[in-house]
Structures are given as C-alpha cells and as structure tokens.
Amino acid sequence: MAKKGKMKISKTKRNNQTTNKMKKQGKLKLQRHKQKVQKQKTPVQIQPEYSSDSESSSNEWADMLDEDEQRYIANRLAKQPQLLSNIPQAEPENKRGSKRRRKEKIPKPIRETDTNVSDTDSGAESDTDDSDVEEKYEKEQLERPAKKMRPLLPIKTKDGVMERAEECEESESEQEDNIQLQQQQNKTEDTKIDSGSDSGMEVTEELSAPQPDEVEEVTTVELLAARRDKLRHEKLRIGALCSSLLESPEKKLKNLFPILYLMEERLKDGALNLMSVRKLATLSAAEVFRDILPDYKLRHQDYSDIKLKKDTLSLYKYEKELLEFYKRYLQRLEKAANVLRRKKGDNRKLDEPTLSLALVSIRCMAGLLVARPNFNYATNIAQSIIPFLDSRDHTARQVVTDSCVNVFAEDKKGEITLAIVRLINQLVKRRGDRLHPAALACLLALRIKQVELDKDAEIQHKKRQEERHKKRIVNLSKMEKKRAKKLKEVERELLETEAQESELARRKQLTEVTKTVFHIYFRLLKTAPRSGLLAAALDGLAKFTHVINLEYYSDLVAILSRLLKDELIGHRERLLCVRTVLAVLSGAGDALNVDPVHFHNHLYANTLQVHAGASHGDASIIVEAIWQLCARARRVSAAVLRAFSKRLATAALQLQHNGALAALALVHHLTQQSKALSSLFETDETVGSGRFEPTSPSPEHCNAHSATAYEVCVLRRHYHPTVRNAAASLLARGSWPSELNKLTPMQIFANYDGSQMSFKPSVPPPKPNTQPGKIKSTHAWAQTDLKTHCQDVEEAVEMALKENIVR
C-alpha cells in the first residue's frame with residue numbers, strides 16, 4: 001500500500017527509474033543485443049569460359065591420374081562445371097549490416113613442386129587446388145582494377161561510432177590516367193624483361209633482388225630538367241602560401257610552417273634542399289613579415305587564470321603565434337648568416353651558394369630592422385648584424401652600414417639607436433685596432449642636435465632651487481600649499497598633452513648616444529693613433545664638435561697637435577687633424593687661448609699636393625678646412641686670408657671641375673669677408689713692396705699682397721660652363737651665379753662631382769648631320785687664251801695609244 005501523501009507509481013515505471021539511476025551510477029551492465037541480418041540470396045553463378053591455357057593445364061594434371069580418376073573428374077565437371085570457376089565477385093555482407101567491405105585476401109602463390117592432390121574422392125566437398133588455376137586467379141586479381149571507395153558520414157550505435165563507405169564510379173579522366181599509368185608500368189616491365197635472360201625464373205630473381213653494384217645512370221640534362229621542375233613547383237607553392245596568408249593573416253598564419261620548412265638545409269627524407277628554394281622561401285617570408293608586423297611592440301601577460309572575451313582571446317593567440325613564428329624565422333636567418341663570422345686564423349674560402357645565401361639572410365635581417373625598428377626582437381636583430389661591420393666581405397659590410405644609416409635617420413624614440421651605438425662600442429672594445437675602418441662610417445649619420453652633456457650640472461642646479469623652494473613652502477599656509485600642489489598637477493597634464501615627456505625622454509636617449517660615441521672616438525685617439533681607425537675618429541670629431549663639452553676642448557687640441565707632429569701618420573690623417581682643430585676653434589672653442597699658426601702653415605703647405613689624380617679625394621678635406629677658416633675670418637690676419645685666396649686660385653687649375661668650383665666659391669666668400677683681397681684682381685699696378693714667394697711654407701710671410709690672381713683669367717676658358725661663369729663673375733666683381741648662390745662649397749663639391757659619370761649641366765645630344773646634296777663637278781677657264789692654246793696643242797698631237805695597245 002502506498003504511503004500517504006505520495007502518488008501511486010506502477011511497477012514498470014518504478015523499474016525504469018531504478019534502471020536509469022543505476023545507469024547513471026555506472027552499476028548497470030547493459031546487454032548488447034546482436035543485430036539481426038537477413039540472409040541474402042546466393043548470386044547466380046555464371047559458367048566460366050575455359051581458354052586454351054586451362055585445357056593445356058588439364059592435360060598436364062591428367063597425366064598424373066589413373067583412367068578411373070580421370071573419368072570420375074570428367075563426369076563431375078560435366079555435371080558441376082563451377083568447381084574450377086573463379087570465386088564469385090559478390091562478397092558476403094557484414095553480420096552487423098555495415099557497408100564496409102573486407103579486403104580480399106590474395107592467396108600466396110604455390111609452386112608447381114608443392115601441388116597437393118586431395119585424398120577425398122568427392123569433388124563437391126573438396127576443391128582441387130591446382131597451380132595453373134591459382135596463377136590464373138592471381139593474374140586476374142592483379143589485372144582487376146581496384147574499386148574506389150567514397151567515405152560516408154559515420155553512424156552512432158550502441159557499440160560506438162561506425163564508419164561507412166560505398167563504392168563510386170570513376171570519372172573518365174581518372175580512368176584515362178589509370179590506363180596511362182598501367183601502360184607505363186607495362187612498358188617498364190617489358191624493358192626490364194627484355195634486358196634480362198630468356199628464362200622467366202632468372203628474370204624474376206633479377207627483378208626481386210637487384211645487385212647493389214649496379215647504379216642507374218642519370219644524365220646532366222635529366223638533372224637540370226628535374227631541378228627546373230622542382231623549382232617551378234616550389235615557386236608556385238610559396239606564392240600560393242604567401243598570397244593566401246596576406247589575404248587573412250589571422251586565419252592563415254599556419255601557412256608559415258611550410259615556408260619555414262623550405263628554409264631548412266635538409267628535407268624530412270634526408271635529401272638536400274635546393275639553394276634557390278631556400279633563398280625564395282627566405283625572401284618571401286621577409287616580405288610577408290614586413291607586411292603583417294605592427295609598428296609597436298607586443299607585450300603579453302599570463303592570462304591563463306583570467307577569463308577573456310572571445311575576440312580578445314583570439315587576438316591574444318594570434319599575436320602569440322606571430323611572435324613564435326617570427327622568432328623561428330630569425331633563428332634560421334642567424335644560422336645561415338653566421339657562416340661569414342669566422343674565427344681568427346680561419347682562411348677557408350666559402351663556396352658561392354653558401355655565400356649568397358648568407359648575404360640574402362643578412363639583407364633580410366637588415367631590411368626587417370629598418371622596416372620595424374620598434375617591434376619585438378629588434379635589439380636581437382641588431383645584435384646579430386652589427387658584428388658584420390667587421391666582415392671580410394664588402395657586400396655584407398655595406399648592407400649593414402646602409403641599414404644602420406636608415407635606422408638612425410628614421411628612429412624617433414632613440415631606443416634602437418642607443419642599442420646599436422652600444423653594440424658598436426662593444427665591437428671596438430673587442431677588436432681594437434684590428435677593426436675595419438668602414439665599421440665606424442655609419443656613426444656619421446647620427447642626428448645629434450639637441451644634446452645635453454652638461455645635464456649633471458643642471459640637475460644639481462635644480463636641486464638647489466628645489467631646496468630653496470621647500471624652505472619657502474614651510475612658511476606657507478595650508479591654502480597656499482594646496483594651490484601650489486594643484487598648479488604642479490596642471491603643469492604635468494599640460495606637458496602630457498604637448499608630448500613634452502616623450503621629447504624629454506628622447507633627449508635623454510640622445511645624450512647617452514653622444515656620450516657613447518665620443519667614448520669610442522677618444523678611446524681610438526688614445527689606444528690606436530696610428531691605425532686606420534684614426535681617420536674615422538677624426539671625421540666624427542670634426543662633425544660633432546658642437547656637442548663636445550668645453551672642458552675637453554683644450555685636451556683635444558693638445559692631442560691633435562701632437563698627432564700632427566708625428567711622422568708615422570699619413571698625409572690624409574694630418575689634414576684631418578687640421579680640419580678637426582679648425583672646426584673646434586670655429587665653434588665654442590673660439591674662446592680658447594690657442595694659437596693656430598702651426599695648423600695654418602700645414603694646411604697652406606699641403607694644399608698644392610692635391611690634384612685631379614689619385615689625391616683628388618683629399619680635396620674635400622682642404623675645402624672643408626678652409627671653410628672653417630672662413631668662419632673665423634675676423635680673427636685671422638689679412639695676409640693669411642690673401643695667401644689662402646692665392647693658393648686656392650692656383651689649386652683650381654689642377655683640380656677637377658667640382659674642386660675648381662668649390663675653390664672659386666671659397667675665394668668669393670673670402671673677398672666678401674675682407675676688402676684687402678681686392679688687390680688680387682687689380683691689373684694696373686701692385687700695391688706693396690717685395691715679391692710673392694709661392695714656395696714659402698708660411699702664409700704670413702709669403703708676400704701675398706704683391707701677387708695677382710691671374711689663374712682666374714685662365715679659368716674663363718675652362719671646359720665646364722659653370723666654372724667659366726664663376727670665373728667671369730669673380731673677375732668682374734659682379735653677382736655670383738644664381739645656381740651657386742645658396743650652396744656651400746662642400747655642397748658644390750658634392751653636387752658637381754663627375755665620378756658617377758654625370759655631368760652638370762647635362763651635355764645636349766649632338767645635332768643630326770644633314771649632308772647637302774652632291775655638287776656636280778664643273779670646269780671653268782679663267783683665261784680664254786689658255787683655253788685656245790690647250791685646244792690647239794691637243795689637236796696637233798697624234799693620239800695613237802689604242803693602236804699601240806692593240807699591237
């Protein structure tokens with residue numbers, strides 16, 4: 001009887017509840033019911049057609065039997081001909097009703113020596129396994145085309161997921177392809193059989209067990225054709241992967257897997273990868289990364305314990321995978337490029353493919369550093385390519401130098417610039433005077449303008465002011481203190497809106513860069529004054545003298561004057577010392593108590609050693625040094641200015657047209673600075689006593705006031721039109737040519753340089769030669785008497801030349 005307050009439940013429902021409860025608890029063991037399969041009708045058997053082969057085979061085994069046995073088997077075959085027929089094609093279905101078909105098991109081949117005869121006499125109960133019948137069956141099974149199966153959707157049953165498949169008919173194109181493949185296989189088998197012996201057993205043995213000594217010969221044409229096909233295939237593959245990746249980087253980022261795989265030296269099967277394929281994959285990946293990488297740095301935290309939105313999580317995963325692929329790509333580039341980094345004493349010559357791949361890797365890393373200097377791993381890239389500034393290969397040095405110059409020009413934050421300069425400083429420390437001079441050429445491209453080297457003094461000054469301000473604040477009231485605090489907050493907000501904080505940070509970065517650069521230069525002056533690095537250090541000091549602290553000026557001038565007296569230093573390095581000292585004195589060093597007479601004398605004496613031949617490259621140093629002298633012309637005596645003007649006019653005759661133009665521009669600038677130079681262009685009479693001494697080493701005592709600039713008159717007939725115009729305007733004391741008016745002498749020297757096979761102004765093409773028509777030759781007698789006399793003589797003389805020739 002049911003309890004009070006509860007509804008009555010039937011027994012069937014109660015059993016179902018208990019069953020479900022036990023099933024959830026896992027205590028119930030379900031019975032697996034077998035599926036009932038309906039028996040299919042047996043297929044209709046078709047009587048086989050016997051060929052001549054079967055007849056011949058029957059005669060062979062008939063010889064081995066008695067006459068009674070032969071008669072018995074013949075009767076059985078007449079009543080049941082299907083005994084020796086093939087196995088029916090219809091296969092029994094699976095008991096569970098699935099459409100999967102079992103694979104047909106091909107019986108093992110039986111040799112003629114192993115044929116067995118059944119002991120039983122009933123042919124219906126036992127099959128007579130004959131070797132010829134089995135061979136025929138094997139041939140038919142091999143010749144029978146394989147059935148093509150198409151997978152279907154699986155079915156979920158009580159026993160689990162059941163896979164399904166069904167037969168499908170092949171299309172005409174697939175059938176044709178299969179037929180062609182079979183024909184090719186038959187041809188290869190025929191050729192192998194023909195090349196072998198006549199007996200079939202020997203052929204099978206040779207085919208089954210090839211000799212290891214025999215090597216298949218491959219011609220060069222076949223190798224080139226295979227390489228061409230392989231390269232064409234990989235080109236299409238890389239192009240398709242990159243194009244699909246650029247269409248949707250978030251979805252197709254996995255396409256970088258095969259691209260990075262093609263950069264490997266060996267493939268998975270152990271074969272060597274083509275060097276051209278590796279280069280194509282390297283360059284393609286570089287272009288892809290250059291397009292998809294952002295300009296900012298990705299910073300990731302551990303979000304494993306934080307629940308994120310779906311879009312945020314997908315973006316996080318994409319950026320994480322992008323960084324991982326980028327890291328793997330850079331590792332492969334570094335591995336390929338490190339071939340050029342050799343140890344001391346390693347003089348092995350690299351092969352051309354390896355060298356070209358290393359250069360491609362360096363070019364890709366440098367390109368990525370220029371394109372994305374603020375992205376992740378930019379410092380790692382710089383750390384990898386900066387050592388190549390000291391490489392033996394000129395191309396590698398030039399690629400890295402150009403990339404550093406581009407980074408210095410485009411960097412706005414200053415972080416990567418500081419990292420590169422510090423790496424160069426470490427390279428100088430490690431290599432010393434063995435460093436290649438071109439390694440420091442990139443430092444000249446630094447844009448050091450707003451630099452604060454006296455920052456420490458300013459900080460101390462600010463601290464003193466703050467201390468004074470604090471003393472004032474102590475005596476302020478609460479209202480005044482609150483007001484001062486609010487004013488500071490407002491000033492900080494104004495700085496943020498005007499981006500002043502970033503500008504201050506950038507100035508701090510530039511200050512550190514400048515300190516590191518001068519640390520490099522001063523170390524070279526101290527440790528390697530006679531090496532090839534001295535010229536690079538002097539070039540940098542001459543360019544960045546405006547940011548040197550005043551405390552170092554006197555020491556720097558003393559060091560350079562000592563180097564100028566050293567006889568072991570070359571001619572060009574001495575000119576660089578003079579130019580650096582004059583640059584220091586023309587700037588903030590003008591307040592120093594230094595007599596530059598020694599430097600003036602050296603510059604004046606060595607100006608004429610520069611000519612249009614091998615030493616024409618030093619002409620730019622002469623021009624720049626005299627330009628620094630013009631900057632402080634008011635502190636130089638008129639005799640020195642007049643001597644340098646005369647020396648420039650003389651040097652213009654033996655320089656190329658760009659050097660001559662720069663020299664004339666300097667003379668024009670000096671004439672505007674001092675009126676005493678007008679005596680050089682007066683032809684009436686010279687003012688002063690004595691005679692000009694051009695061989696005197698001192699510009700102060702060479703009597704330049706007695707000289708005239710006759711060289712300018714010669715330059716009026718120069719081959720270059722701009723030089724002719726400049727010389728004419730200088731003699732006439734008229735207006736300077738408009739194309740040269742706003743240019744400095746150094747800019748004129750660079751713009752009119754003809755070393756790159758460019759002539760400025762451009763030479764017009766020659767006019768076409770229009771030949772006039774041919775003039776008919778006419779003869780006219782000036783005297784009629786002479787004409788009549790000649791005619792009379794001609795008539796009087798007997799002309800018998802033809803008769804004599806005939807005789």
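Visitor: How many bridges join strand β1 to strand β2?

Guide: In this predicted model, local features need pLDDT of at least 70, side-chain atom pairs count only at pLDDT 80 or more, and totals for chains, interfaces and linings use all residues. Residues are numbered from 1 along each chain as its sequence is written, and side-chain values use heavy atoms, with hydrogens and water left out. Strands are DSSP runs of E of at least two residues, helices are runs of H or I of at least four, both numbered from the N terminus, and two strands pair if DSSP finds at least two bridges between them. Strands β1 (residues 149-157) and β2 (residues 160-167) run antiparallel, and the number of bridges joining them is seven.

Visitor: Which residue of β2 is the bridge partner of L152?

Guide: A hairpin of two residues leads from β1 to β2. Across this pairing, the β2 partner of L152 is R164.

Visitor: How are α20 and α22 oriented to each other?

Guide: Helix α20 (residues 571-586) packs on helix α22 (residues 619-631) at about 25°, with axes 9 Å apart; axes are lines fitted to C-alpha atoms over the stretch in contact, and angles run from 0 to 180 degrees between N-to-C directions. Angles under 35 degrees count as roughly parallel, over 145 as roughly antiparallel, 65 to 115 as roughly perpendicular and the rest as oblique. The orientation of α20 and α22 is therefore roughly parallel.

Visitor: What share of the chain's residues counts as buried?

Guide: Buried means under 20% relative accessible area, exposed over 50%, and partly exposed in between, with a 1.4 Å probe and protein chains only. Of the 807 residues in the chain, the buried share is 31%.
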